[in-house]
Amino acid sequence: MKGSQSHELETDVPASELWEIYGTLRAAELLPELLPHILAKAELVSGDGGVGTVVQLTFPPGEPLKESFFMDYGIPGLQSYKERFVRVDNENYVKEAEAVEGDILKLGFLSYMIRFEIIQKGTNTSVIRSTVEYEIGDGHPELQAMVSTASLAVAAEKFAEYIKEQKLVQPST
């Protein structure tokens with residue numbers, strides 16, 4: 001069974017500035033720093049941030065409330081997995097990363113891909129569209145209910161806030 005979920009966030013940050021995070025390895029560096037309850041660690045396995053780059057994602061260790069946490073932010077039983085960047089389009093601001101190894105595939109997903117699209121709306125406004133596309137094996141229909149864009153939505157908000165805070169800190173030239 002195939003499916004997808006999307007989330008959109010309109011923000012008052014230019015698309016080019018958001019892409020400096022989403023289109024590079026900066027997102028993997030910032031997530032554990034800004035949202036350690038969502039992602040504990042992101043390690044570069046290979047690559048330079050372009051197509052073919054592989055990143056190991058490690059989620060926070062289990063806690064008594066992990067089950068309810070993951071119902072909001074992720075998938076129960078997910079400790080880590082590797083994703084490979086399969087598309088990095090610097091002109092259209094689109095990035096796609098697919099799971100290639102680890103818990104997400106062991107749970108029963110046949111494929112799991114995350115797409116980020118940064119869409120310029122106005123001079124200083126844009127939309128962050130985060131999409132999860134997945135395919136589930138016949139023996140695991142329960143996984144469909146576990147797919148969520150909540151963590152991607154929280155990350156989008158945090159990245160937009162981060163960019164605005166950095167502008168306040170840095171004097172303009």
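Biologist: What does E117 touch, not counting residues up to four places away in sequence?
Modeller: This is a predicted model, to begin with. E117 touches Y93, V94, V127, I128, R129 and T131.

Biologist: Where is E117 found, and is E117 buried or exposed?
Modeller: E117 is in strand β6. Its relative accessible area is 18%, and the cut-off for buried is under 20%, so E117 counts as buried.

Biologist: Now the nonpolar side. How many residues are in the largest nonpolar core?
Modeller: The largest nonpolar core has 43 residues. Those with the most contacts inside it are Y22, Y81, F109, Y112 and F159.

Biologist: Which elements supply at least two residues of this core each?
Modeller: The helices are α1 (15-22), α2 (26-34) and α5 (150-169). The strands are β3 (54-58), β4 (80-89), β5 (94-102), β6 (109-122) and β7 (125-136).

Biologist: Which one gives the most?
Modeller: That is α5, with 7 residues.

Biologist: And α2, which of its residues are buried?
Modeller: A27, A28, L30, L31 and P32. What covers them includes α1, β2 (41-46), β3 and α5.

Biologist: Back to Y22. What is Y22 in contact with, leaving aside neighbours within four places in sequence?
Modeller: Y22 is in contact with K95, F116, I118, I128, A155, A156 and F159.

Biologist: There are some rings in that list. How many aromatic pairs does a search of the whole structure find?
Modeller: The search finds 7 aromatic pairs. One of them is Y22 with F116: the ring centres are 5.0 Å apart and the planes are at 50°, so this pair is tilted.

Biologist: Why does that pair tie together separate parts?
Modeller: Because Y22 lies in helix α1 and F116 in strand β6, 94 residues apart in sequence. Y22 and F116 are both buried.

Biologist: What about Y22 and F159, what sort of pair do they form?
Modeller: An edge-to-face one, with 5.3 Å centre to centre and 85° between the planes. Y22 in helix α1 and F159 in helix α5 are 137 residues apart, and the pair links these distant parts of the chain. Both residues are buried.

Biologist: Which residues do ring pairs link into a cluster?
Modeller: F59, Y81, F109, Y112 and Y134.

Biologist: K95 came up as a contact of Y22. Where does the charged end of K95 sit?
Modeller: Over the ring of F85, 4.0 Å from the ring centre.

Biologist: On to charge pairs. How many salt bridges does a search of the whole structure find?
Modeller: The search finds 13. In one of them the side chains of E8 and R129 meet, at 2.6 Å from N to O. E8 lies in strand β1 (residues 2-11) and R129 in strand β7, so this pair ties together parts 121 residues apart in sequence.

Biologist: What are the relative accessibilities of E8 and R129?
Modeller: E8 is partly exposed at 46%, and R129 is partly exposed at 25%.

Biologist: Which residues are linked in a network of salt bridges?
Modeller: R87, D89, E96, R115 and E133. R115 lies in strand β6 and E133 in strand β7, so their bridge ties together parts 18 residues apart in sequence. R115 is buried at 15% relative accessible area, whereas E133 is partly exposed at 30%.

Biologist: And how far apart are the closest N and O atoms of E96 and R87?
Modeller: They are 3.8 Å apart. E96 is buried, with a relative accessible area of 11%, while R87 is partly exposed at 33%.

Conventions:
Residues numbered from 1 in each chain as written. Predicted model: local features only at pLDDT ≥ 70, side-chain atom pairs only at ≥ 80, totals over all residues. Heavy atoms only, no water. Core = buried A, V, L, I, M, F, W, Y, C linked by side-chain atoms within 4.5 Å. Buried < 20%, exposed > 50% of the residue type's maximum accessible area, 1.4 Å probe, protein only. Helix = DSSP H or I, 4+ residues; strand = E, 2+ residues; numbered from the N terminus. Contact = heavy atoms within 4.5 Å. Phe/Tyr/Trp six-rings, centres within 6.5 Å; stacked < 30°, edge-to-face > 60°. Lys NZ or Arg CZ within 6 Å of the ring centre and 35° of its normal. Salt bridge = Lys/Arg side-chain N within 4 Å of Asp/Glu carboxyl O.
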